[in-house]
There are 2 protein chains.
Amino acid sequence: MSIVVLGTVALDSVKTPFGRRKDLLGGSAAHFSMAARLFTTVNLVAIVGKDFPAKHIAFLRSKGLNLASLVIDKGKTFRWEGEYSGDLNTALTLNTELGVLSVFKPSVSEEQRRIKNIFLANVDPDIQAHLLSKMRGPELVGLDSMNYWIHHKRKELIRLLKHIDIYVANDQEARALSGQSNLIKAAKALRGYGARMVLIKKGEHGVLFYSDRFIFSLPAYPVEEVIDPTGAGDTFAGGFMGYLVKTGRINSLNLKKALGFGTVAASFNVEDFGLNRTSKLKPRDLQRRMVKFRECFNFNL
Amino acid sequence: MSIVVLGTVALDSVKTPFGRRKDLLGGSAAHFSMAARLFTTVNLVAIVGKDFPAKHIAFLRSKGLNLASLVIDKGKTFRWEGEYSGDLNTALTLNTELGVLSVFKPSVSEEQRRIKNIFLANVDPDIQAHLLSKMRGPELVGLDSMNYWIHHKRKELIRLLKHIDIYVANDQEARALSGQSNLIKAAKALRGYGARMVLIKKGEHGVLFYSDRFIFSLPAYPVEEVIDPTGAGDTFAGGFMGYLVKTGRINSLNLKKALGFGTVAASFNVEDFGLNRTSKLKPRDLQRRMVKFRECFNFNL
């Protein structure tokens with residue numbers, strides 16, 4: 001089984017209480033892929049500019065990603081610059097340069113169009129809808145977005161949700177799009193927009209999963225030293241979707257385990273800058289931490 | 001097995017988005033007791049004034065509480081007035097009248113002094129220390145406090161922690177007393193002050209348990225309609241301590257289950273004003289919701 005992920009591949013500059021890094025390889029699709037690759041073959045659909053370092057391309061390829069639909073276009077790579085302080089829960093965006101993203105029309109090969117699993121990571125909803133329309137009979141479609149699109153392309157986003165199996169949002173986004181402050185009510189409202197399942201990420205407080213058939217709630221993996229949370233949500237989504245695709249069956253137990261693998265993948269992501277930690281992971285690292293994570297709360301010892 | 005709980009019995013006036021109630025029976029010891037009574041015999045140590053309605057005394061007695069050490073003194077009952085808005089996570093205290101609490105010197109009967117389980121619910125640390133000094137060979141001592149005492153009687157509180165088995169704090173309190181914003185670091189620092197185990201309540205985000213031997217993390221029970229959160233933390237502590245006392249053994253599984261019962265008890269508490277919901281509970285209500293709660297996250301189905 002394999003998955004197509006659409007999103008950004010970016011150059012991130014970040015400042016946290018633990019230091020400052022410039023032009024790190026980042027972006028929603030890159031973080032997603034670094035976790036999902038541990039379970040399944042990842043087909044990356046993204047765009048970068050001519051300024052994108054060749055070593056980053058080589059690095060992504062060395063991680064086993066299929067880069068057939070990674071476009072290198074005239075212009076500059078998408079850049080994001082942000083800062084975290086205090087409890088590192090919220091990023092302050094200092095600067096965003098869209099570059100080539102502003103003209104991105106994603107396309108996929110004939111072979112990739114037949115892949116049944118898709119994740120539309122955070123990018124303009126019009127671009128997400130464009131890619132989705134190209135796919136032939138997708139079976140499992142996940143979607144992430146962000147506050148900017150919720151406010152500026154609300155209609156387009158809500159229209160898109162009708163075609164989505166799993167909508168992945170953080171708590172602020174879920175509240176903003178639904179207009180509900182209670183997260184279960186928010187999840188119900190988002191279900192009402194059409195998404196079959198709703199997954200609300202609460203950062204250091206874990207995750208809430210809602211569908212008509214079940215509600216799950218998992219705490220976060222307890223991380224003592226958060227170095228850089230950039231991409232934690234995308235990494236979560238990558239671990240979650242990757243595991244689901246690997247199992248090939250959506251049921252209660254697989255969904256819970258997928259939430260667990262997402263949680264564990266995200267906990268590695270925040271332990272170092274950028275992709276430093278997740279890019280070195282092997283499947284057994286996730287398995288080992290998963291055992292520790294389950295010990296944190298599972299009743300049946 | 002039985003437990004002694006020291007704390008406040010109060011008249012609460014509260015306003016939430018769901019209405020307004022005046023002079024509700026409340027207070028840390030009352031909320032604690034209403035959950036703990038479902039598992040064990042509760043000996044209430046508290047003070048009220050001559051204005052305390054006789055019906056409230058009769059009500060507490062009808063719930064099976066031992067009121068031998070509930071003092072009715074000249075003066076007024078402790079009153080608290082508060083308001084919740086928005087997501088109901090934080091109370092705005094509008095007014096506090098200490099009344100008889102300001103002269104409270106708790107005493108217990110010779111029989112009660114020999115009880116091995118004690119919970120020092122939120123009240124002046126000097127009063128907590130005074131009661132603890134009266135007990136003969138306590139074996140399991142829990143303690144709760146609040147930001148007011150953390151700021152005004154920090155030294156006394158830290159001195160007291162050396163004699164505490166389980167320190168129960170909410171996240172703000174844990175951060176304020178430890179000076180650490182990461183909750184695991186905060187728990188470690190509080191462990192360093194002497195408390196053998198540290199239980200950090202995160203409201204709608206669940207609970208973190210820390211000891212030298214294990215870290216547990218549980219999500220909250222998903223409650224859709226929070227009517228009045230007053231006393232949720234005390235109710236949590238009551239369910240937690242009550243279950244531990246009932247089992248008579250502190251081990252990993254019993255601690256996790258106790259955290260579960262505390263969580264479930266607190267989820268009932270917030271579903272109505274004051275003690276309305278918890279006072280009507282039977283042990284089987286907790287058991288039933290516990291099954292649903294475990295379904296929310298347990299992996300071993």
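**Close-up views of a predicted two-chain model**

B:Trp80 stands opposite B:Thr96 in strand 7 of chain B. This is a predicted model: local features need pLDDT of at least 70, side-chain atom pairs count only at pLDDT 80 or more, and totals for chains, interfaces and linings use all residues. Residues are numbered from 1 along each chain as its sequence is written, while chains are lettered from A and ligands numbered from 1 in the order in which they are written.

**View 1. Strands 6 and 7 of chain B run antiparallel.** Six bridges join strand 6 (residues 79-84) to strand 7 in chain B. Strands here are DSSP runs (E, at least two residues), as are helices (H or I, at least four), numbered from the N terminus. B:Tyr84 has B:Ala91 of strand 7 as its bridge partner. The hairpin of these two strands has six residues between them. There, B:Gly86 takes a positive phi near 60 degrees.

**View 2. Four strands of chain B form an open sheet.** Their order is 3-2-6-7, and the pairing is mixed. Strand 3 (19-26) and strand 7 (91-97) of chain B stand at the edges, each with a single partner strand, so one side of each is left without a neighbour in the sheet. Neighbouring strands are turned by 15 degrees against each other on average, direction ignored. Axes are lines fitted to C-alpha atoms, for helices over the stretch in contact, with angles from 0 to 180 degrees between N-to-C directions. Two strands pair if DSSP finds at least two bridges between them. Strand 2 (residues 10-16) and strand 6 of chain B pair in the parallel sense over five bridges. B:Lys15 stands opposite B:Glu83 in strand 6 of chain B.

**View 3. Asp23 has a positive phi in chain A and in chain B.** Most residues other than glycine have a negative phi. Phi of A:Asp23 is near 50 degrees, and that of B:Asp23 is about 50 degrees. A:Asp23 lies in strand 3 (residues 19-26) of chain A; B:Asp23 lies in strand 3 of chain B. A:Asp23 is partly exposed, with 17 other C-beta atoms within 10 Å. B:Asp23 is also partly exposed, with 16. A residue is buried if 20 or more other C-beta atoms lie within 10 Å of its own, exposed if 12 or fewer, and partly exposed in between, with C-beta atoms placed from the backbone.

**View 4. Helix 1 of chain A is largely enclosed by the rest of the structure.** Nine of the nine residues of this helix (residues 28-36) are buried. Among them are A:His31, A:Phe32 and A:Met34.

**View 5. Chain A meets chain B through 29 residues from each chain.** Residues are in contact if their C-beta atoms, placed from the backbone, lie within 7 Å. On the side of chain A that touches chain B, helix 8 (183-192), strand 13 (215-218), helix 10 (252-269) and helix 11 (283-297) each give two or more residues. Helix 10 of chain A gives the largest share, five residues. The predictor gives the complex an ipTM of 0.72 and a pTM of 0.85.

**View 6. A rotation of 180 degrees superposes chain A on chain B.** The shift along the axis is 0.0 Å, and the RMSD is 0.0 Å. The two copies are thus related as by a two-fold rotation axis. Superposition is by least squares on the C-alpha atoms of residues with pLDDT of at least 70 in both copies. The same surface serves both copies: 100% of the contact residues of chain A recur in chain B.

How values were computed
Contact = placed C-beta atoms within 7 Å.
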